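Here is a short briefing to read with the structure open beside you. Take your time and look for each residue as it comes up.

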Amino acid sequence: MNAPTDILTRRASLPASSWDADSQTFEAVLSTGAAVERWDVHGPYDEILLLSQPAWPARVPLLDSHGRESVDRQLGSVDTLRVVGGDLLGRATLSRHNPRSQRIAAELSDGATFGISIGYGVERWSERTNAKTGRREKVAERFTLIEASLVVVPADPHAGIRSHDMTVSTEPAPAPAHSTPAPAPSLNPPAATERTAINMEIRSIASVAGLDQGWIDSQIDANATTDAARTAAFAAMQARSAPLQTFHPTVATVTQDHTDPTAIRSAMGEALAHRLAPAG
């Protein structure tokens, strides 16, 4: 079994009607296993999570936008992980001691909605081609759930903070009303290719500047340009840099002024007397 080489993320969102203010908990749909489009050197592909894993962690941290650089970014935890009706579910509990968590609790009580994203490392992949769409698919057959995060901008509409009125359906999805196949996507769409190149440049900027994965995610989620990412990286480096050293000037004290006419005459007199004095 190969060790995971990177932490991947995927996101989703649903209304926050399962929020319980007394216990500071809510039920979350962490993943439906739905395909998420990604890119590699060979072009686009659909990534699919196989949720029939042999075991799930007893608990994973609940983070603020995948922020792993500080304990202040941990909002709480997620436990009771299980698969129901093809969905990976979990119970999230917000910390009562983190001010960020309490702000989010207040917003959830007001009816706010947040996205859910998970971070995971893949130990074993398989690759195939979808017979219907012709698209390349990579299946994460074995992966380790590392963390869950609350995020602002979700990507997958089928998972997130769970609603009380959600029902789990075991029926297959209905077939489309028409059977005309969608045209195959271009292997290298210009906009997607450009965005991929920008994201790679953002990761390179972060590596040079010593910035963490949370910073990278925030720039990519905001669709930042390369110039904007450089500006943000420079600002982050300035913010964390040590304060400038304070220099204390040294004041020189003049003990004898050699430009004083009196001193000059005295010195000249002493020199003349020394020359005229007979040798001892």
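In helix α1, the buried residues include Ser101, Ile104, Ala105 and Leu108; buried means under 20% relative accessible area, exposed means over 50%, and partly exposed is in between, using a 1.4 Å probe and protein chains only. Seen down the axis of α1, these buried residues fall within an arc of 105°, so they line one face of the helix; the arc is that of the directions from the helix axis to the C-beta atoms. This is a predicted model, in which local features need pLDDT of at least 70 and side-chain atom pairs count only at pLDDT 80 or more, while totals for chains, interfaces and linings use all residues. Residues are numbered from 1 along each chain as its sequence is written, and side-chain values use heavy atoms, with hydrogens and water left out.

**More about helix α1**

- Pro99 and Arg103 are exposed on the other side of α1.
- Asn98 caps the N-terminal end of this helix, with a side-chain oxygen 2.9 Å from the backbone nitrogen of Arg100.
- Just after α1 comes Gly111, which takes a positive phi of about 95°.
- Arg103 and Glu107 form a salt bridge through their side chains (3.2 Å, N to O); a salt bridge is a side-chain nitrogen of Lys or Arg within 4 Å of a carboxyl oxygen of Asp or Glu.
- Because Arg103 and Glu107 are four residues apart in α1 (residues 99-109), about one helical turn separates them.
- Glu107 is partly exposed, at 29% relative accessibility.

**Salt bridges between separate parts of the chain**

- Side chains of opposite charge can pair when their charged atoms come close.
- Arg136 and Asp40 meet in a salt bridge between their side chains (2.8 Å, N to O).
- This pair links distant parts of the chain, 96 residues apart: Arg136 is in strand β9 (residues 136-151) and Asp40 is in strand β3 (residues 36-40).
- Arg136 is buried at 16% relative accessibility, whereas Asp40 is partly exposed at 26%.
- Glu201 forms a salt bridge with Arg230, and their closest N and O atoms are 3.5 Å apart.
- Glu201 sits in helix α2 (residues 190-209) and Arg230 in helix α4 (residues 226-240), so the pair ties together parts that are 29 residues apart in sequence.
- Both partners are partly exposed, Glu201 at 29% relative accessibility and Arg230 at 42%.
- A network of salt bridges links Asp64, Glu69, Arg73 and Arg100.
- Across the whole structure, a search finds 17 salt bridges.

**A buried lysine**

- Which strand holds Lys138? Lys138 is found in β9.
- Lys138 is buried but has no salt bridge, and Asp40, the nearest side chain of opposite charge, is 4.1 Å away; Lys and Arg count as positive and Asp and Glu as negative, while His and the chain ends are not counted.
- Apart from neighbours within four places in sequence, Lys138 is in contact with residues including Asp40, Tyr45, Trp125 and Glu127; contact means heavy atoms within 4.5 Å.

**The whole protein**

- The protein has five helices and ten strands; helices (H or I, at least four residues) and strands (E, at least two) are DSSP runs, numbered from the N terminus.
- Of the 280 residues, 36% are buried.
- Among contacts with a separation of 6 or more, 69% are between residues 24 or more positions apart.

Methods: A polar contact is a pair of N or O atoms within 3.5 Å; within protein, one must be able to donate a hydrogen and the other to accept it, and residues adjacent in sequence count only if both atoms are side-chain atoms.
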